[in-house]
Every structure is written in structure tokens, then in C-alpha cells.
Amino acid sequence: MKNLIKYMLIVSVFTGMIACDTLEPIEENRLDFDFILTDPNAAEGVLLNGYTGLVNQYSFSEAATDDAVNNILNNNYKRMALGELNAQFNPTARWSSFERVFWVNRFLEVIETGETQWSRDTLTNTMFEMRLKGEALALRGLHHFYVLQAHAGVGESGELLGIPYYTEFIEPEGNFNVPRLSFEASVQAIIADFDAALNLLPTDYGLSAGQVDPWYSDLENFDFDKYGIVNDNFFDLRLSGKIVRALKARLALFAASPSFLDSQSYYDMAATNAAQILNTIGGTAGLDPNGNEFYTSDANIQSNESLWRASIGGNTSNYEERMFPPSVNGDGEINPTHNFVMAFPMLDGQPATEANGFDPQNPYANRDPRLEKYVVVNGASFGGGTINTGVGGGNDRLDSIPEQSTTTGYYLKKLLRPDVLINNNGTVQGQSHAAVYFRYTELFLILAEAANEIGGPDNPVDGITARDVIAAIRNRAGISQPDDYLASITSREDMRELIRNERRIELSFEGHRFWDLRRWGLSLNEPAKGYFFNGSNYVILPSVEIRDYPSVYMPIPNTEILKFSELEQNNGW
């Protein structure tokens, strides 16, 4: 942590987000603090460093869970899942997020001096200061949350601990030897930053005159035209009040979960903040009809499903080259498990059991339509051909090509553009992709989980119940109506299981499963299962890959423990 950059490296803004060059710094861009105070572009460049390292949907950490296997033998998530996780090797570590914290703390020092002029007009300058300070505070809270999510746990003392919380920039020679706060104190510190940001940021960008937040419209000599300059749609991809409120709901749900505080008050905070946003889009009526395929086309990427995303990238094929089956010239890297496939209900919404019509020898018939959208199963049409992962399947057959063919009998379809072409001659036709930081579907599921924990399936939070949310999500998925299984759910416990399963399906392969299992206190050690067609029958492979985790709490990096005597390690590491 002491290896912080002492000088500020300018990054540029592109469509309201960041385009960061990774050139070696030269004397011309080693800018000291006094220079930054005089140059608003340099100052904002410091803030924009806080927009780097944001967590998006492309981690593929599901390979560390019961949902997937990575077929690359030295993949870090595979190694972690197989038992190599320790305080020296932790692919899920996020301690480096503190570096972004110090960037934004440095920017907050700039703001506090009042010397940097964003505009010669006093009112416009004040509004720029408000918005940029709000962004910085929200980013500080968010990056602390990343560290908390990855490293909170029961310490060697037996206390549930959080993380150090840094509210000032520390020079490289300064004191970084700071103890961890309690878990709840850490949560409260993040909430304080989020709440402060909510009192500075516009609820959204490009608001009309009648929608302007009071902390702007109450400014002396308020002028809407000047407000429009500061909070124009150009900044849509920056943090807004709406996004911060969603982040607060995510934080509160995490804090409320069984592995941590198991707290009704935090469930209430999660539900209330989620409902406040969701009611602005009409509640469950605002659920995007194509939101469960938010990645499949340019139109879907640009749809209202993404509450917060990065700018849309140029035509690429990286993920498809990694994930497509070998017969369509991909590396088949991520293999969904049979555990995951069996999470999908039957078409009528009933769990996939033989009593409900599931046929082990015709396993993909009459299933939830999301299964076909998210997983390439044996016999599926894909890339202009039929994918056969069983006998006769050639290079698509289970285990036919080490580190390329599937190890479970399945290939990944979720998150991939179906219109990417990988030609036999090595040329590719890429398509647009975008990193997504928060989807509305996640916010709906936060509300459902929290509302159910507070008062059960039909407990309304600002007019929305868990049953309402799950009904809308399953209806969008194509579950046959009426949904008799959902109607049969009457207890909090049964609704909890259904919500968790819907979350597993809807947010699959977006980096949630590992963190969800941990916060729910569920076993991380379910072995990954496969399903193989042997030419006559499907046979289950009960343990394609084991899972070996000693705890739901992850370690603090050992390098930090060795450097800083005030840091307490989590128990068992």
C-alpha cells in the first residue's frame, strides 16, 4: 500500500467515462499538487482514477463455485476451488481497491482547497464542485465496499471485523498501519459516504427543470441552463444519485445477510432504497422485457436494463473466442455444471424433479426457456451446427481435447454475442460489448430478498412484494402461466429458496454466485457435477471437480499482515 503513486497521471474522458492510457509516466505528466490546483483537467484526471477497477460481469468467478468449471488447468479460480486458497494466493482479493480510495481522497483535498476553478461563473463552479465531490465520496464508499465484501470476517479475536477506513490521502512515507474497524462500523462508514454523495449528486443526468434536486435548485441565483451544463446527459455513465442509492441497497443486503449481521434493519434499508428507485420506472411493470439477454445485441446493450455500465466498446470477440465450443473455433473455457443446469425449473415453473415430469434421458425438454439462452447443452444448435458433447461429438465431446473441450457436458452461452463469427481461417467478426456494473434485475432481486426476510412473500415495500418481483421475472423468462408453483409458496423459508434460485439463474455468470454463497453461509464445497451421453443413456458424473474451502471468510493478504502490526487476520488463515 505504500507504493502509491506520488504524482498524478492524467486520464482522459470519453463519452462521460474513462479512457485510461497505460503509458510509462514521463516528466511532462508528473504533476505536483500545486499544479493540479491550477488545472481543472488535471484535477478531474485524479478523480477519474477512482473509476478504474470497477467490478463488472466478466470475472467468470463462477468457476470457483458449483456453477462452473474452468477447463484451463492453471486457471486461478480452479486452483482456488481445488484447495490452494490461502493468504498468499487469493484470486478474489480486492485489497488493491484501496489505491483508488487514495486517488479520490487526493481529489477531495483538491476540492476542499476551493482553489480549482471549473468555471469562471460562480454558480456553475459551485455546482461542478458539488457534483464532483459527490462522485468522489461515492467512489470512496464503493471501493471500500469492494474490500469489505472480499475481506470481512471473524478475526482471530473472535470478533466480526471489517476493514480499515481511509478518509484522507496518505503520503508514501505516511502511516498506513491502521486497525480494522468492526464489521458494522465499516458498513456505517460506507453508508456515511454514500449518504453524503446523495446530498451532492443529481438523481440522474439530463433532468428537466421540474425534476432538479432541491440541493441544486435551492442554490442562490439558481439557473437551469447552468445546471444543464454541469449535469448534462453527457455524464450519463458517471455516478448519479440513482446509482448510489442502488449501491447502498446492495451494501445493506450484504450486511444484513446470515454470515454477517443477520439484521432486519439492514434488510429494511436494502428494500427501501431498492423500492425508491424501482418505483420511478413503474415497479415490476418497468422490468425490461429483454433484460435477461442484455448482452446479445447492440439494442439490448443500450437498453434500460443497465442501471450503470461503461461505454460500449468496439467490435471484439475475446470472450467468444474463449468460451465458444471447439467446433465453432472457441476454447470452451467455462463449462457450466449439471448442478447449475438442474437449478432451472420445468416449463411450468415446478422444480426439475421426476415427480414433476423431468426425464433424465430427455433432460432438456420442457424446461425453463432461460436454460436454452444461457447454456449450450448436448444436441443444441449453435454457430450453424449441432453441438454434441457425448459419444461421437468429436472435439466437442466431453474431455476429448484437454483444456479445450467441456469437462461437464456443457458450454457457456450467457454473456456471449451469438453474432460473433470465428472463422476457420483465423479471422473473426467481432461485435460490441459493454462492462455492466449494476442491472435493474439485480435491484429487483435485492428488493425481493429483503422484503421477504422482513415480512414474508407478500410483505409490501412501497407497494412491491417479493411475490410481485418473482412473478414478473419468471413471466419474462417464459414460465408457463399461471405459475402454480409460485402460487403455492406461502412461507418465508420457501420463498427464500425460490428467490435464491432465481438469483442464481438470472444473475448467472455475472460474478455473483461466489459472493452470494458466502454471505448466505451456504457450503462452498458442493462438488461440480457433469452429465454425459454415453451413446445410449445420459449418466451423471457426480464429481467432475471437487471444491475445498475451509471457511466462507476470505483472508487478508499476508503481505499486508506482515507489514502492518495493527491488522488482524481472519481466523484460520
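The buried residues of helix α16 pack against α14 (369-374), α15 (440-455), α17 (484-488) and α18. The model is predicted. Nine of the twelve residues of α16 are buried, so this helix is largely enclosed by the rest of the structure. Two of those neighbours, α15 and α18, also pack against each other, with axes that come within 10 Å.

**Helix α16**

- Helix α16 covers residues 466-477. At 1.5 Å a residue its twelve residues should span 16 Å, and the 17 Å between its end C-alpha atoms agrees with that.
- The buried positions of α16 are A466, R467, V469, I470, A472, I473, R474, R476 and A477. The arginines R467, R474 and R476 are among them.
- G478 follows α16 and has a positive phi, near 105°.

**Pair α15 and α18**

- The axes of α15 and α18 cross at roughly 165°. Angles over 145 degrees count as roughly antiparallel, and α15 and α18 are therefore roughly antiparallel to each other.
- The crossing of α15 and α18 is left-handed.
- On the α15 side, the residues in contact are T441, E442, L445, I446, A448, E449, N452, E453, I454 and G455. On the α18 side, they are R492, M495, R496, I499, E502, R503 and E506.
- By class, this contact of α15 with α18 has six nonpolar, three polar and eight charged residues.

**Pair α18 and α19**

- Helix α18 (residues 492-506) and helix α19 (residues 513-520) have axes that come within 10 Å and cross at roughly 160°. That angle makes α18 roughly antiparallel to α19.
- The crossing in which α18 passes α19 is right-handed.
- R500, R503 and R504 of α18 make the contact with R513, D516, R519 and W520 of α19.
- By class, the contact of α18 with α19 has one nonpolar, no polar and six charged residues.
- R503 of α18 takes part in the contact with α19, and R503 is also listed in the contact with α15.

**Pair α9 and α15**

- Helices α9 and α15 pack at an angle of about 45°, with their axes 10 Å apart. The two helices are therefore oblique to each other.
- The crossing of α9 and α15 is left-handed.
- K242, A246, A249, R250 and L253 of α9 meet Y440, E442, L443, I446, E449 and A450 of α15.
- By class, the contact of α9 with α15 has seven nonpolar, no polar and four charged residues.
- E442, I446 and E449 of α15 are in the contact with α9, and E442, I446 and E449 are in the contact with α18 as well.

**Helix α10**

- Helix α10 (residues 264-278) has 15 residues and reaches 21 Å from its first C-alpha to its last, close to the 21 Å expected at 1.5 Å a residue.
- Its buried residues are Y266, Y267, A270, A271, N273, A274, A275, I277 and L278.
- The buried residues of α10 pack against α6, α9 (241-256) and α15.

**Single residues**

- L48 is found in helix α2 (residues 40-48). At 0% relative accessibility, L48 counts as buried.
- L48 and E135 are 87 residues apart in sequence, and their C-alpha atoms are 9.5 Å apart in space.
- S186 lies in helix α6 (residues 183-198) and is buried, with a relative accessible area of 0%.
- Leaving out residues up to four places away in sequence, S186 touches L148, G162, I163, Y165 and L181.
- S186 and P363 are 177 residues apart along the chain, and their C-alpha atoms are separated by 47 Å.
- R397 is in the loop between β10 (385-387) and β11 (411-412). R397 is partly exposed, with a relative accessible area of 32%.
- Leaving out residues up to four places away in sequence, R397 touches N388, T389, G390, V391, G392, S405, T406 and F532.

Technical notes: Residues are numbered from 1 along each chain as its sequence is written. This is a predicted model: local features need pLDDT of at least 70, side-chain atom pairs count only at pLDDT 80 or more; totals for chains, interfaces and linings use all residues. Side-chain values use heavy atoms; hydrogens and water are left out. Axes are lines fitted to C-alpha atoms, for helices over the stretch in contact, and angles run from 0 to 180 degrees between N-to-C directions. Helices (H or I, at least four residues) and strands (E, at least two) are DSSP runs, numbered from the N terminus. Angles under 35 degrees count as roughly parallel, over 145 as roughly antiparallel, 65 to 115 as roughly perpendicular and the rest as oblique. A crossing is left-handed if the near helix is turned anticlockwise from the far one by less than a right angle, and right-handed if clockwise. Contact means heavy atoms within 4.5 Å. Ala, Val, Leu, Ile, Met, Phe, Trp, Tyr, Cys and Pro count as nonpolar, Asp, Glu, Lys and Arg as charged, and the others, Gly among them, as polar. The expected span of a helix is 1.5 Å times one less than its number of residues. Buried means under 20% relative accessible area, exposed over 50%, partly exposed in between (1.4 Å probe, protein chains only).
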